Amino acid sequence: MSLTEFNRAADGDARAQLQSCLRVSRWVDGLSARRPFSSVEEALELAHTIAHPLTEEEIDERSPVTLGSATVTTPTRPKQPTRDESRAG
């Protein structure tokens, strides 16, 4: 999808394109709300600004993204033991 197509897309279509990049609601909401962009560089700069830093909850919110025939996943964080679980060990 070109920048012109992205700028003109219905909100749902634009959001779907953004979610295919990063499934973090705050990031999708922020970029979608700022359309139209005058340049790819402007969009990328805002995308970077909104994404940094991602909270732990947002990292957990992400889901695998499919790029062509490859599925890209990121390592999940190990579950931290609760206080009671730590004492039981």
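Trainee: In which helix is the place of Ser32?
Mentor: This is a predicted model, and the helices in it are numbered from the N terminus. The stretch covering residues 25-33 takes in Ser32, and that stretch is helix 3.

Trainee: Is Ser32 buried or exposed?
Mentor: The relative accessible area of Ser32 is 8%, and a residue counts as buried when that value is under 20%. Because its relative accessible area is 8%, Ser32 is buried.

Trainee: Leaving aside neighbours within four places in sequence, with which residues is Ser32 in contact?
Mentor: A contact here asks for heavy atoms within 4.5 Å. Once the neighbours within four places in sequence are left aside, the residues in contact with Ser32 are Asp11, Arg15 and Leu18.

Trainee: Which residues of helix 2 and helix 3 make the contact between these helices?
Mentor: The axes of helix 2, which spans residues 11-19, and helix 3 come within 9 Å and cross at roughly 135°. Because of that angle, helix 2 is oblique to helix 3. From helix 2 the contact takes Asp11, Arg15, Leu18 and Gln19, and from helix 3 it takes Trp27, Val28, Asp29, Leu31 and Ser32.

Trainee: How many nonpolar, polar and charged residues does the contact of helix 2 with helix 3 have?
Mentor: Helix 2 passes helix 3 in a crossing that is right-handed. Sorted by class, the residues in the contact of helix 2 with helix 3 are four nonpolar, two polar and three charged.

Trainee: What distance separates the C-alpha atoms of Thr4 and Ser39?
Mentor: Along the chain, Thr4 and Ser39 are 35 residues apart. In the predicted model, the separation between their C-alpha atoms is 9.2 Å.

Trainee: Read along the sequence, what pattern does the chain follow?
Mentor: The secondary structure of the chain comes to six helices and two strands. When these elements are read along the sequence, the pattern is α-α-α-α-α-β-β-α.

Definitions and conventions
Residues numbered from 1 in each chain as written. Predicted model: local features only at pLDDT ≥ 70, side-chain atom pairs only at ≥ 80, totals over all residues. Heavy atoms only, no water. Helix = DSSP H or I, 4+ residues; strand = E, 2+ residues; numbered from the N terminus. Buried < 20%, exposed > 50% of the residue type's maximum accessible area, 1.4 Å probe, protein only. Axes fitted to C-alpha atoms, helices over the stretch in contact; angles between N-to-C directions. Parallel < 35°, antiparallel > 145°, perpendicular 65-115°, else oblique. Left-handed = near helix turned anticlockwise from the far one by under 90°. Nonpolar A, V, L, I, M, F, W, Y, C, P; charged D, E, K, R; others polar.
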